[in-house]
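This briefing is intended for reading alongside the sequence and the three-dimensional structure. Please keep both in view while working through the points below.

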Amino acid sequence: MARTRLPNEAPARAEANGYRRGYHRETDRLTGIKQYGEKELKAQDFILDLYVTWCWKYGTDEQDGKPPAPVDRDSVRASVLRKGAPAPLTVDIKDFLRFYVKQSKGRINTYSSVKSVLKQAEPFFKGFARVTGTLTVEEEKSEVYKWVKRVLPTEGDTINQCLPKHNFGQPDLDRILLALWTRSDLKYHERYKIQFTFLIHTYCWTGARINAFFKGGLRYKDIHLVLRRRAGGHGSELIWKIDQRWVKNNRNPNTVVFSAAGKEHSRLLYNDGAMLLTLASADKALFGFDSLEDLWQQEIPPGETHVVLRWKESVEELPILRQIKKGIVTEDPWLLSSFTAMFREVLDIEGYSSGAGVHQIRRDLGKKVDRDYTEVERSQHILQSDPRIFGQSYVANTSSVDGQAAFLQETADHSVIEYFQGLEQFREPGAPIRLPKAMKADLEKDPEVVALQERASTASDSRERDEARKARERLLKRLEHRAFISFRHRWTRERRDWKILTRGKVSSEVDTDNGRLILLIPERARIADKMKRESGLTMNEMRDATRDLLTLCTRDYTVFFRPGEEPINGLCPVCNREMHTIEKRYRSDHIHGCCKKERANEIGQKVSCLRYCYDCMEWYVQGSEWDEHCQRHLSDLPKILGTMTYCSTLIKPAFCPFHLATNLPASERMQSWERDADALRHMKNEHLGKVNWPSAICCDKELEDEQSFYYHLSDCHGYSLQSLNATRKRKRQDDGTGQAKKKRKGGEEEEEEEKVKEEKYCEVPAGERALTVTRREADPTLPVINGDDTSRCSTNSRQAFTDAHALLDGAPHFRRAMSLCSSVDGDSERLGDYGFEPTDCFISRYVNPSPSPTPSKCPEIYGPKSQDPDCFISHFVKLPPPSPTPPAKDEHEAPLNRSLATTDRSIIQASIEGSYSNTSDSRNPKGPRIKLKLNHRPPKIILRLGEPSKDRRRAGKRQGGSKRRGKA
Ligand SMILES: [Zn+2]
Ligand SMILES: [Zn+2]
Ligand SMILES: [Zn+2]
Ligand SMILES: [Zn+2]
């Protein structure tokens, strides 16, 4: 029954709510004006702007095709696009579209295709009507469309051709997901992998457009979770509804959504439920459940079939798919570009040479849905209601009909069609994923690039220089992409030819060593195993997998610790040092070092005798044990010979191809380096000089010269050539600057960056093994601590420590020099036992250009965090008990210019220099001091050790005695 109201009641209520008579008169007068979406408006504005340019430059026919008297572009715009401006003549529109074609760049051809011209004509008419209010007559429009379709292509500039259309089907999905979860050369944060898997599933099941989950992000409120009793009545499973808010032309994304249902799958490869649950659990998003176990204990009340779950209110607006920056999951929605790049990379690595995108997925789903559902159902599911467009853009070029079977009335075989519709035909396993280094280097010789380079170097001001540089970068990128596409094309063709010529007897090009990292992480190994399984998992297996996924997703990836070397409660398991007091990139090395020492103690061996196998993650004793062990690995050496790091931790050292090819004992052949730069330097010093180019060093491949060898190392064996390039650059710069200078700073002599000096050999002291003296060039590519860390220990070169250890272990006469200052002077402090006082130890860091020449007390040693002098000693100085050195005559100033490398085969190329001074001045109140320098690379490490007074004499003598230097 209708409610009766007083006549005044309704107006009073409306006015109270803000109604004003005639307030919107102006806008309400307009009729027939469509509301356009953001994208449409952009397209209209683009083409109208171009139209204004055309009018401004060439004039319309109304003015006899002559540009009007010099007018600025703005007034042309004001005139041709004014309210009520007359519609342009058809002849003008045609001319304008010709202009559009000639200035365009096509994807397939030189110019835009017919399709893209048509795509411009429509927004032009619509935009013109919107801006001027003048509608173009329908006949004129259709005349223009027809002209574009039929006349324009005959003139040759624009052709009626589209990119071939293919589908992304189930085999492709399987392949990329397996690659993602089983290959270790795809280094993504585990959460990204989970997000990617979930999203690609969702695209495959829903056929959503790519923007659907990116424009405003997929938020928790867009998914409605329900727990349902399993079909057998045993346990429960997740089902959900996912809302697409960012659907094409949806102008009210906040209220209007398009939903699709989802459910779990028994194969892990297809189970987006497990992915969703992992993400939700990592975000602690479910109301009432703190953990997976809590959720799994949830029962469905007797007699009921469903339990509706909900999100915590605090997470409703939180995007499910998020960005990860520097290993930290942010609250920002995942970027489309990041997803597509990942998609692209996985496809590349699986050998797909054709691009694939979400639209191919959509097309494939559309085809399959079309087979089993009505047109209405299809258009609702994939949100494309226009059957004309579906027929045009959603059907692959190859017909879906098995004509032969239809004609012969046999059962249709669609596998053939699927092959030709799909992407499989473009796949060539092992196809290159990047341009070879040599070809990349050639691009720099492109005349256009050279011209830009010249412009940059001759630019008068910095802005011009920057612009030229940026333009060069852009050009290089473009050239590189083009070169890569044609290179891969050529490679694929050659490979296919080779298969034919060898009658199919070819070895696989696929690198089989890509699972290595997976094995290091048990969760990843288990997940990889379950992903591969073709049968369904049991409920418990799936739960285990979900737990593993959650562990992977939430683990701290700042540092990876080798198995058995994980910190316990944030402490080093050996020395109990707090991990957070060590810089991230040295944490695993610290524990590694501690474990080494512990192990050496256990088995009563010297630390320097231990060798670590990065494959087995085990320690071995140098000698026959290590040799036997290496022998086992020699047979299945990976193709990658360069180093591999994972989360700041070295997981594979670099090997030398020359050494590997020799007949030496296995341990020598498998000599390894912790940095590519060191291995490269070794090759340069030891082998490359003896090679007669061209030569086949490895891979049975003839290499022309040293440079092509380096390129081969990089392309084929995963070496990083960064240090090589940097060294060259530095050398070039140095040429102009001349010699290194010595500088006086604060009264103390300090050397600036040492410039390259040739290798020198010093005479071998009697009774000692040969020592190579290498003063190495500071390596500018090495990471240095930036900022205000004058107070920090200069531990920023991981290698420096390793080198220092080895150096001291393997350099007996250095130890002797050290022992001079190690006599005990009764101090109860442990450091005193070694002859030092805390204040005697300084470590300074020298960075080029040195920002902080002030030596600082190293907190690593004496800072509040560590009161442990052993730390210093063990890091730098291993002292044997003081040796009785016969006293000899005094020398007042005796530089101990001993630079040495270890005699051990790994030729560690650092040097130690010492100088002795017994002058006592204001800067040196303590009297005689020994200064020891570890010349490694920036930072140089300088230890200044005060010498206990008792041993002054002997110290002076000893150093003086051992300072003779020879020449190479
Ligand atoms: Zn430790
Ligand atoms: Zn091993
Ligand atoms: Zn070698
Ligand atoms: Zn090779």
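Arg533 and Glu541 are joined by a salt bridge, with 3.1 Å between their closest N and O atoms. The model in which this pair is found is a predicted one. Under the rule applied here, the count of salt bridges comes to 36.

**Salt bridges**

- Arg533 counts as partly exposed, because its relative accessibility of 26% falls between the limits of 20% and 50%.
- Arg599 and Glu602 form a salt bridge through their side chains, at 3.9 Å from N to O. Both residues lie in helix α24 and are 3 residues apart, which is about one turn of the helix.
- Arg599 is partly exposed, with a relative accessible area of 29%, while Glu602 is exposed, with a value of 55%.
- Arg183, Glu350 and Arg427 are joined into one network by salt bridges that share partners.

**Surface charge**

- Which residues gather in a patch of positive charge on the surface? The patch consists of Lys39, Lys115, Lys119, Lys215 and Lys248.
- Lys248 is located in the loop between β2 (236-244) and β3 (258-263).
- The relative accessible area of Lys248 is 52%, so this residue is classed as exposed, the limit being over 50%.

**Cysteines**

- How many disulfides does the structure hold? The number is 0.
- Cys594 is buried, with a relative accessibility of 7%.
- Cys656 is likewise classed as buried, with a relative accessibility of 0%.

**Backbone angles**

- Most residues other than glycine have a negative phi.
- Lys284 has a phi near 50 degrees, a positive value in a residue other than glycine. Lys284 is placed in the loop between α10 (272-282) and α11 (292-297).
- With a relative accessible area of 46%, Lys284 is partly exposed.
- Asn576 is not a glycine, yet its phi is positive, at about 65 degrees. Asn576 is found in the loop between α23 (539-554) and α24 (584-603).

**A contact across the sequence**

- Where is Glu706 found? Glu706 is part of helix α29 (residues 706-717).
- Glu706 is partly exposed, at 24% relative accessibility.
- In sequence, Glu706 and Lys684 are 22 residues apart, and in space their C-alpha atoms are 9.1 Å apart.

Methods
Residues are numbered from 1 along each chain as its sequence is written. Chains are lettered from A and ligands numbered from 1 in the order in which they are written. This is a predicted model: local features need pLDDT of at least 70, side-chain atom pairs count only at pLDDT 80 or more; totals for chains, interfaces and linings use all residues. Side-chain values use heavy atoms; hydrogens and water are left out. Patches are made of residues with over 30% relative accessible area and no salt bridge: like charges are joined within 9 Å, nonpolar side chains (Val, Leu, Ile, Met, Phe, Trp, Tyr) within 5 Å. Accessible areas come from the Shrake-Rupley method with a 1.4 Å probe; for residues, only the protein chains shown count as cover. A salt bridge is a side-chain nitrogen of Lys or Arg within 4 Å of a carboxyl oxygen of Asp or Glu. Lys and Arg count as positive and Asp and Glu as negative; His and the chain ends are not counted. The place of a charge is taken as NZ of Lys, CZ of Arg, CG of Asp or CD of Glu. Helices (H or I, at least four residues) and strands (E, at least two) are DSSP runs, numbered from the N terminus. Buried means under 20% relative accessible area, exposed over 50%, partly exposed in between (1.4 Å probe, protein chains only). A disulfide is a pair of cysteine sulfur atoms within 2.5 Å.
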